[in-house]
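This report covers one protein chain. The model comes first.

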Amino acid sequence: MKLAIVTLLAGSAAAFQAPLMAVKAKKSFKKTKAAAPKQSSAGSPSADAWAAGSTSVALPWANAPATLDGSMLGDVGFDPLGFSTVPVGPWFNGFEGRNGKIGDLTWYREAELIHGRISQLAVVGFISPGLFGTLPGNEWTGLNAYSNTNPIEAFSQVPGLALLQIFLFASFLEVKRIGIIREEGANYTPGDLRIGQTGWNPFGLSYSPEEYQEKRLQELKHSRLAMLGVFGLWAQSLASGQGIVDQIGVAFIAPEYSSKAGYFLPAGI
């Protein structure tokens, strides 16, 4: 919509300026030769990116937009919906990213890493209660407040103050992340929260530049896998109403009808 409005305004301005330009051209025709009109792309930035694209490494039967040229870590040309061709939205107006200091592709990588890290935590949250048990309850919270191993049902069962703690902690990390982005500007590395080798380093991590790039790539791959995995875990829990570990245990138990000769399907099928 904004692109359409800008185009209409530009067209209107050109219509009003055309007669004036024609008058000036007649006056100076004898003095100077008319310059050749500049050729400009008639397509949108997204259309231009697709037109200049090349074969995708991830999808050999499809093309990748020119915005994915393989220079960014983990870039294999996978963008079938063309997200990388669309500039960052106006919600970052006045932010460093809208002043050309942080590229649009960097913003999308930042979003990919943040969603991927949340998904990795979510996968652990789906599986760990069934493997290691849940937190104990008490008279104030309720003895069974944390006993549900199905995360979807547990969300509405735990006390509201417990959810508030998670929300406040996540908000603190988000404010801290935005502060780092504004401070570093164009030098910002997507996903760098100054935890680990680049900041607070409780485990004493010390990688060479090559090893550090490899670890960053590993995190990116784990993030992508977790985003797919947590969607599958959520859908399965929602459909079955059971925890993931409970379903895995049942999957390895042979059904009763399988022990009967000639019966390969449940009764009634």
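## Fold

Read along the sequence, the chain runs α-α-β-β-α-α-α-α-α. That makes seven helices and two strands. Helices (H or I, at least four residues) and strands (E, at least two) are DSSP runs, numbered from the N terminus.

The model is predicted: local features need pLDDT of at least 70, side-chain atom pairs count only at pLDDT 80 or more, and totals for chains, interfaces and linings use all residues. Residues are numbered from 1 along each chain as its sequence is written, and side-chain values use heavy atoms, with hydrogens and water left out.

## Confidence

pLDDT is the predictor's confidence in each residue, from 0 to 100. The chain has a mean pLDDT of 78, and 72% of its residues reach 70 or more. Helix 6 (residues 209-240) has the highest confidence, at a mean of 94, and helix 1 (residues 2-27) the lowest, at 39. Over residues 1-40 the pLDDT is below 50, and this stretch has two contacts in the model beyond near neighbours in sequence. A contact means heavy atoms within 4.5 Å.

Residues 97-101 also stay under 50 in pLDDT. For residues 97-101 the model has 11 contacts beyond four places in sequence.

## Surface and packing

The chain has 269 residues, and 21% of them are buried. Buried means under 20% relative accessible area, exposed over 50%, and partly exposed in between (1.4 Å probe, protein chains only). The chain exposes about 19,500 Å², with carbon and sulfur atoms supplying 66% of it. Areas come from the Shrake-Rupley method with a 1.4 Å probe; for residues, only the protein chains shown count as cover.

Take the contacts with a separation of 6 or more: 47% of them join residues 24 or more positions apart.

## The second largest pocket

The second largest pocket holds about 780 Å³ of space. A pocket is found on a 1 Å grid over the protein atoms alone: it is an open set of points where a 1.4 Å probe fits, with protein on both sides within 12 Å along at least five of seven lines, and lining residues have an atom within 4 Å of a point. Points are joined across faces, edges and corners, and the volume is the space filled by probe spheres set on them.

The lining has 24 residues. Phe-78, Asp-79, Phe-83, Glu-112 and Arg-224 lie nearest the centre. Helix 3 (104-132) and helix 6 each supply at least two lining residues. Helix 3 gives the largest share, six residues. By type, the lining divides into 14 nonpolar, four polar and six charged residues. Here Ala, Val, Leu, Ile, Met, Phe, Trp, Tyr, Cys and Pro count as nonpolar, Asp, Glu, Lys and Arg as charged, and the others, Gly among them, as polar.

Arg-109 lies in helix 3. Its relative accessibility is 8%, so Arg-109 counts as buried. Beyond four places in sequence, Arg-109 contacts Met-72, Leu-73, Gly-74, Asp-75, Pro-190, Leu-220 and Arg-224.

Phe-126 lies in helix 3. Phe-126 is buried because its relative accessible area is 9%. Its contacts beyond four places in sequence include Thr-149, Pro-151, Trp-234 and Ile-244. Val-230 is another contact of Phe-126; their C-alpha atoms are 8.2 Å apart, across 104 residues along the chain.

Ser-56 sits in the loop between strand 1 (54-55) and strand 2 (63-64). At 3% relative accessibility, Ser-56 counts as buried. Not counting residues up to four places away, Ser-56 touches Ala-62, Asn-63, Ala-64, Val-76, Gly-77 and Phe-78.
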